[in-house]
Structures are given as structure tokens and as C-alpha cells.
Amino acid sequence: MLGIECLLLIPFTLRYSSLDKAAKSIYNYLVSSIIFAVGSISIEYLIHNNMWFFAIMYFVQFLILSAFYYTVIKNNKVRNVIKFLPVPVLLIFILDLLKIEGIDKYNSLFTTIRSFILIVYAIIFFLQLLNDNELIEQAIFINKLPDFWFNSGLFLNLCGSFMFSLSYNYLESQRLITDITFVITLIAGILQLILFYIGLLNTKRR
């Protein structure tokens with residue numbers, strides 16, 4: 001999937017100057033995903049333990065995606081929550097990494113909570129689009145909005161990673177279940193990139 005991410009980064013980079021804040025957050029997310037993939041492979045090869053790097057990158061991506069949802073969600077109460085939640089999530093990240101599961105284990109508790117929060121953000125944004133009077137008055141279909149496609153891609157991938165996070169440590173001994181969730185996560189990741197590209201194609205219609 002690294003190759004697909006690199007290919008997708010090219011059209012995003014070519015259009016970078018015309019992207020708004022939300023689309024630039026998706027661009028930053030793509031860059032972090034490439035760093036994530038290259039870094040995890042390199043660290044695994046060098047020291048044979050990249051679990052701590054997984055946790056750090058997941059937290060960095062949580063901050064990037066929080067910035068995306070802070071930009072696209074209009075409700076001020078929700079926006080205030082988005083601004084506040086990185087603090088308790090950081091505490092959970094540190095506790096899980098250093099105390100609960102450790103640096104040599106997949107931080108299942110932190111990643112599950114992180115994915116759940118982002119899934120809630122995605123659902124809130126979907127509901128906002130369905131009830132946006134401004135869009136209704138202007139007869140704008142939500143499938144013409146790039147943010148709709150960006151959010152759809154994130155939602156699919158987050159749902160897949162949520163299942164993976166839940167199963168990784170607790171069901172590691174049952175390889176079949178872990179392999180199934182990994183495949184689901186991989187497929188969701190590929191679909192996410194496809195939806196991101198559709199969103200990029202619709203950036204002029206924002």
C-alpha cells in the first residue's frame with residue numbers, strides 16, 4: 001500500500017497551493033502514513049521492535065485528523081471537545097506505552113480509544129452534511145463535496161483499524177482471526193486512498 005500512497009501524494013502535491021485547510025490536513029495525513037510505513041519497516045529491520053513507533057505515529061495521526069475534523073465540523077461544542085481531547089488521549093497514550101502494555105507490545109488500548117474517537121467525529125460530520133440547510137438551499141449534493149469523500153475514506157479505514165486494534169493482542173494466539181482483521185484493515189486502507197483521490201478530483205467544487 002506504500003506505493004499507492006506515494007502515487008496519490010503526487011496529485012495532492014501538484015494541487016497543494018489550491019487546497020484548503022481540510023484538504024491540507026489530508027495531505028499531511030498521507031505524508032505521515034508514508035513516514036509511518038517506511039519508519040516501521042526500517043525500525044523492525046534494525047532493532048526488531050517497532051511497536052513503540054506504531055503508537056507514536058498513531059498519536060501523530062490522531063492530532064492531524066483532529067485538525068481535519070476541527071476544520072470541517074461546524075458545531076462549536078463539538079469543536080471545543082476536539083480541541084480538548086488530545087490532552088486525555090495523550091495521557092492514555094503515555095500510560096499504555098510505558099505502564100499498561102509496554103513499548104514492546106501493540107498498544108491496543110490506546111489505538112482502540114483513538115480509533116473510536118475519530119469514528120465518532122466522522123459520524124458527526126456525516127450527520128452535519130445530511131442536515132446542512134445551506135447545502136439544501138443551494139441544491140448541493142454531498143457527493144460533490146471533497147470533504148465528504150475524505151471523511152468516507154477515513155471512516156472506512158478507521159472502522160477497519162478499530163477491529164484490528166481490538167483483536168491484535170488479545171486474539172494474537174488465534175492467528176486466523178488476526179489474519180482476517182489484518183486483511184480487512186488492508187482493504188479498508190486501499191479503499192480509503194481511492195476515496196481520497198475522488199475527493200481530490202472534487203476540490204474545485206468545494
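Of the contacts (heavy atoms within 4.5 Å) in the chain between residues at least 6 apart in sequence, 72% join residues at least 24 apart. This is a predicted model, in which local features need pLDDT of at least 70 and side-chain atom pairs count only at pLDDT 80 or more, while totals for chains, interfaces and linings use all residues. Residues are numbered from 1 along each chain as its sequence is written, and side-chain values use heavy atoms, leaving out hydrogens and water.

Let us start with the chain as a whole. Its secondary structure comes to nine helices and zero strands, with helices being DSSP runs of H or I of at least four residues, strands runs of E of at least two, and both numbered from the N terminus. Buried residues (under 20% relative accessible area, against over 50% for exposed and in between for partly exposed, with a 1.4 Å probe and protein chains only) make up 47% of the 206 residues. The accessible surface (Shrake-Rupley method, 1.4 Å probe) comes to about 11,000 Å², and 70% of that belongs to carbon and sulfur atoms.

Now to helix H5, which spans residues 86-100.

| Side of H5 | Residues |
|---|---|
| Buried | Pro86, Val89, Phe93, Asp96, Leu97 |
| Exposed, turned away from the buried side | Leu91, Leu98, Lys99, Ile100 |

An α-helix has 3.6 residues a turn, so residues three or four places apart point the same way. The cover over the buried residues of H5 includes helix H3 (51-72), helix H4 (76-84) and helix H6 (108-130). After H5 comes Gly102, with a positive phi near 95 degrees.
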